[in-house]
Amino acid sequence: MAQLMTCDIVTPEGLLFSGEAEYISAPAAEGGIGFMYQCAPFMSTLKNGAVRVKKTMNGDAHTFAVGGGYVEVDGRKVVVLASHAIDMEKVDIAISQERIELNEQRLAELAEDDSRAVFVRQEIDWHRSLIELKQDENKGVV
């Protein structure tokens with residue numbers, strides 16, 4: 001039997017997920033990367049994408065969308081500190097489309113040098129990422 005790693009996914013709101021898995025993948029800034037028990041220590045920033053937690057290598061993955069943050073691995077534990085994260089089962093494409101439209105309206109009202117524009121653009125990118133991940137999941141592309 002394979003040994004399991006602990007995986008914690010944490011957001012500014014609190015702990016989103018904590019559990020054990022045989023395999024965990026994350027969207028590191030350098031590209032997609034996977035972790036198994038006793039892998040080399042690793043730390044990276046995260047880009048928007050999916051963290052997949054597999055209890056067994058051949059089993060289904062529990063998928064979380066993450067937006068920005070960090071991943072740290074010590075060979076026995078994976079910690080994802082995400083700026084945004086949500087369980088993919090809770091993603092609603094219609095809500096994300098509404099949020100994109102709302103934030104595009106906000107962006108149009110802001111001056112180009114307004115510091116709030118950066119935050120609004122990040123929100124637009126986050127919701128576009130959620131839509132893309134959900135559509136891929138629905139097509140079985142995950």
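Leaving aside neighbours within four places in sequence, Val-53 is in contact with Cys-7, Phe-17, Ala-21, Tyr-23, Ile-24, Asp-60, Ala-61, His-62 and Phe-64, where contact means heavy atoms within 4.5 Å. The model in which these contacts are found is a predicted one, in which local features need pLDDT of at least 70 and side-chain atom pairs count only at pLDDT 80 or more, whereas totals for chains, interfaces and linings use all residues. Residues are numbered from 1 along each chain as its sequence is written, and side-chain values use heavy atoms, with hydrogens and water left out.

Val-53 belongs to the largest nonpolar core, which has 19 residues and in which Ile-9, Ile-24, Val-51, Val-53, Val-78 and Val-80 touch the most other members. Such a core is a set of buried Ala, Val, Leu, Ile, Met, Phe, Trp, Tyr and Cys residues joined through side-chain atoms within 4.5 Å, and buried means under 20% relative accessible area, with exposed over 50% and partly exposed in between (1.4 Å probe, protein chains only). At least two residues of this core come from each of β1 (5-11), β2 (14-21), β3 (23-28), β6 (49-54), β7 and β8; strands (E, at least two residues) and helices (H or I, at least four) are DSSP runs, numbered from the N terminus. A second, separate core has 7 residues, among them Ala-50, Val-91, Trp-126 and Leu-133.

Strand β3 also holds Ser-25, which counts as buried because its relative accessible area is 14%. Beyond four places in sequence, the contacts of Ser-25 are Ile-33, Gly-34, Ala-50, Val-51 and Arg-52.

Turning to strand pairing, for which DSSP must find at least two bridges between two strands, β1 and β8 run parallel and are joined by 5 bridges, with Leu-81 in β8 as the bridge partner of Val-10. β7 and β8, in contrast, run antiparallel and are joined by 9 bridges, and Phe-64 has Asp-87 in β8 as its bridge partner. These two strands, β7 and β8, form a hairpin with 3 residues between them, and Gly-75 in the turn has a positive phi of about 100 degrees.

Glu-72 lies in β7 (residues 61-73), and Glu-72 counts as partly exposed because its relative accessibility is 44%. Not counting residues up to four places away in sequence, Glu-72 touches Phe-42, Met-43, Lys-77, Val-78 and Val-79. From Glu-72 to Arg-106 there are 34 residues in sequence and 35 Å in space, C-alpha to C-alpha.

The largest pocket has a volume of about 180 Å³. On a 1 Å grid over the protein atoms alone, a pocket is an open set of points where a 1.4 Å probe fits, with protein on both sides within 12 Å along at least five of seven lines, and lining residues have an atom within 4 Å of a point. Of the 14 residues that line the largest pocket, Ile-86, Arg-99, Trp-126, His-127 and Leu-130 are the closest to its centre. β8 (77-87), α1 (93-109) and α2 (116-139) each supply at least two residues of this lining, and β8 gives the most, with 4 residues.

Across the whole protein chain, the secondary structure comes to 2 helices and 8 strands, which follow the pattern β-β-β-β-β-β-β-β-α-α along the sequence. Of the chain's 142 residues, 39% count as buried.

Notes
Grid points are joined across faces, edges and corners, and a volume is the space filled by probe spheres set on the points.
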